[in-house]
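This report concerns the model shown below.

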Amino acid sequence: MIRRAVIAFATFVLLAGPAAALQPPAGQAPAGQEGFVQIDELPKDQQLPAAPLLIAAYAFVWVALMAYLWSIWNRLGTVEAEMRSLEQRKRQRDGS
Amino acid sequence: MVFLRTALLVLRKDVAIEVRSREILYTTLFFAVSCVLIFSFAFVREGAPPQEAAADVAAGILWIAVAFSGTLALGRTFERERYGETLKALLLAPAPRPAIYVGKLLGMVLLMTVAELVLVPMVALLFQAALFARPLLVSALLFAGTVGFAAVGTLFAAMLIRARTRDVMLPILLYPITIPVIIAGVRGTSALLTVPPDEAMATMWLGVLTSFDVVFVTLALWTFEPLMTE
Amino acid sequence: MIVDFDRVELADVSRHFGRRRAVTRVSLAATRGDILGLLGPNGAGKSTLIGLLATLVAATSGSIRYGDRTAAAAGPDIRRGIGLLAHELHLYPELTARQNLDFFARLYGLDARAAVPAALESAGLADRADDDVSAFSRGMRQRLALERSLMHQPRLVLLDEPFTGLDDRAVTLVTDRLRRIAAAGAIVIVATHDLDLADGLVTRMAVVRDGRLIADEPSGAGLRNRYRTLVTGGGGAARA
Amino acid sequence: MRKLFLPLTIVTAALFAYAPIAIANAPYESTMLLIQKIFYFHVPAWIAMYSALFVCGIASAIYLFKGRVEADRVAVAAGEIAVLFGLIGLVTGPLWGRKAWGVWWQWDARLTTALLLELILIAYLMVRKYGGPGSEKLAAGVALFGMVDSVFVYKSVDWWRTVHPKTSVVTSLGETAPAMMPAFALCAVAFVLLMTLLLMLRVKLAQQQATLNDMYLADEE
């Protein structure tokens, strides 16, 4: 059990490396960006406030993770309840 | 040797059936032509596609028609093997099972090539696309793209024969996975249609398609047997 | 390489589909000359057993041996020794009888010029050889399919409901044919729910119900009664 | 596995507790300013998604060729978790883009690649759900093909977008100053650990479901 977990973990670490490397390389902005208006070139009053977007993003991460955790927990509960009722039925049948 | 002979036998059998009924060929052709027409209504304005995007429109419509009609043909071809469960009979042949896959793949490539023989002149004519200016590169792109699409499609259609929901599952699985083929095909063809043609770019995309073919045909040959055993 | 075997044996074979058990811990063996009847009501797991024996279905647990080898160990050539007539007939309706036989003969590496006319003759379809299979009646197709599955003279002959759609005369023909190939040294396994037809043909009967083997014994007089108690009345006894 | 679960949880929780502080203390990026902070969990979400995708593909291959049902359970768990992290990336990306590009969606190479991979992963889950009996094997084939395909999707979308650059891709990523690295590394490790934990939980659920199936099977006997 532990060995398998360690192997699995080592795999993740090994995989995370290439995955990180797959992200866009640093300092290599593609050439020729005509038609793109840099954010800081916009007048101040036209700029979107960043904070609500940032907060929304953080909030979404938490909500998504919690929702997923809740769904796992929920499904585990259903499965375990079904196990219990099955065992109970079996016991009743064996008893009768 | 048995491998090759079995693959060719399966191909010959598929051709014999198609020659007798012509059902899949005609329906696929009709569908491909309808696809071209439908997409034309989306892009053609005032009698011609927009000047600045003419190459993209022609290449895009050509490849979308190939992909859509290919899906239709895949579904029909394997429906034919499902009726009477003849695919099981093929799997029982005393040959390596991947040979069956190769036979079906060759049949699909042949069928799609015939469809392309109609589609390419049609798109060239309707969109004034210079598809015949670089015949070698265009046919190489089309061939490599067809093999890649059919390689994934044949495997998926064959394994989905067991699934109840195969009709919807085939496009759902096939389109996301063959997106690289579509991108490479459309970009490569479009590069050849611009003035002046960008051959270097087309060759680069041809390289992408070829490596896709090599990787996925290998992978399919490798996974066919375990996937087909229930 | 020729892969031959005298005996086919299932040892503790199970096949589950998620929560549904199609076959549960079946152990069964058949040797040359046997005509083994797999009897049981519809949905009892007969077809899955046939699929397992035909190498089309993989067992969840347990092993199937052809002689002293498993199918995986013996490779594709083991399939040369297996003939299958399934419920669906394994024929292309768009092709003629001759084309169908020709294709499968070549697929098995046979000499088509000799094998095809012989099979057509055996099926009694020599005069209809160049008609499309789609124009045939169910009985004609069944006969053709049977000959198709026997063309390569398999050691192990698997038949799933081979009598569907046959009239009395055709049934007699088929049973005679099966007796002959068993006498010639084949292992014949017939799955059917039709006891009347199995009676008198099979040399042994294996009764399956709900995926389990509930009886495996030589057939003889009283097969019908025995079967009836096992399948209908004797539920409790079989369970224990 | 259970022995490892608790220490892992503690480490992950500690990392996540410290992450906001590290992110807050990291220097502001010169042009993106505050919005650039999304970077600290947007990119780690991708890393987690790619890791889960590869776990799913490799586990599927093991299941396909060795017939190990345990591998299939890992595969389905990893598939679901890859969809989850992909969703996080796909939602946070446009939120960033709204500020950086002024539009919600830009056919940026990274974002497009992620969207396509998310589609493949959802297709994987759909085959499992609607494929009928025996669909685990079909799904395993899809996962294996999807994993290999991810390389092609990545490269072809990349070239599709960058061979004719008309608009910018995410330039700010390129300006990641060394000073931001510690905070970023911390977040990346935290996300990968989180993914591992979720994976263990989900595998546990799959195991319980398998046990339940076995109980039903045993009950019939």
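## Contacts and burial in chain B

In this predicted model, residues 24 or more positions apart supply 85% of those contacts in chain B that have a separation of 6 or more. Of the 230 residues in the chain, 53% count as buried.

## Architecture and dimensions of chain B

Chain B contains eight helices and zero strands. Read from the N terminus, its elements follow the order α-α-α-α-α-α-α-α. The radius of gyration of chain B is 18 Å, close to the 17 Å given by the globule rule for 230 residues, so the chain is as compact as a globular protein of that length. The C-alpha trace of chain B spans about 55 × 30 × 30 Å along its principal axes.

## The interface between chains B and D

Between these two chains, 26 residues of chain B are in contact with 28 residues of chain D. On the side of chain B that touches chain D, the elements giving two or more residues are helix H6 (135-160), helix H7 (166-193) and helix H8 (199-228) of chain B. H7(B) gives the most to this side, with ten residues.

By residue class, the side of chain B that touches chain D comprises 20 nonpolar, two polar and four charged residues.

## The open sheet of chain C

In chain C, six strands are arranged as an open sheet of mixed pairing, in the order E6-E7-E8-E3-E9-E10. At the edges stand strand E6 (82-85) and strand E10 (212-218) of chain C; each has a single partner strand, so one side of each is left without a neighbour in the sheet. From one strand to the next, the twist averages 15°.

Within this sheet, strand E3 (residues 35-39) and strand E8 (residues 187-192) of chain C run parallel and are joined by five bridges. C:Leu39 has C:Thr192, in E8(C), as its bridge partner.

## Helices against the sheet

Key: Residues are numbered from 1 along each chain as its sequence is written. Chains are lettered from A and ligands numbered from 1 in the order in which they are written. This is a predicted model: local features need pLDDT of at least 70, side-chain atom pairs count only at pLDDT 80 or more; totals for chains, interfaces and linings use all residues. Two residues are in contact if their C-beta atoms, placed from the backbone, lie within 7 Å. Helices (H or I, at least four residues) and strands (E, at least two) are DSSP runs, numbered from the N terminus. Ala, Val, Leu, Ile, Met, Phe, Trp, Tyr, Cys and Pro count as nonpolar, Asp, Glu, Lys and Arg as charged, and the others, Gly among them, as polar. The radius of gyration is taken over C-alpha atoms; the globule rule is 2.2 Å times the number of residues to the power 0.38. A residue is buried if 20 or more other C-beta atoms lie within 10 Å of its own, exposed if 12 or fewer, and partly exposed in between; C-beta atoms are placed from the backbone. Two strands pair if DSSP finds at least two bridges between them. Axes are lines fitted to C-alpha atoms, for helices over the stretch in contact, and angles run from 0 to 180 degrees between N-to-C directions.
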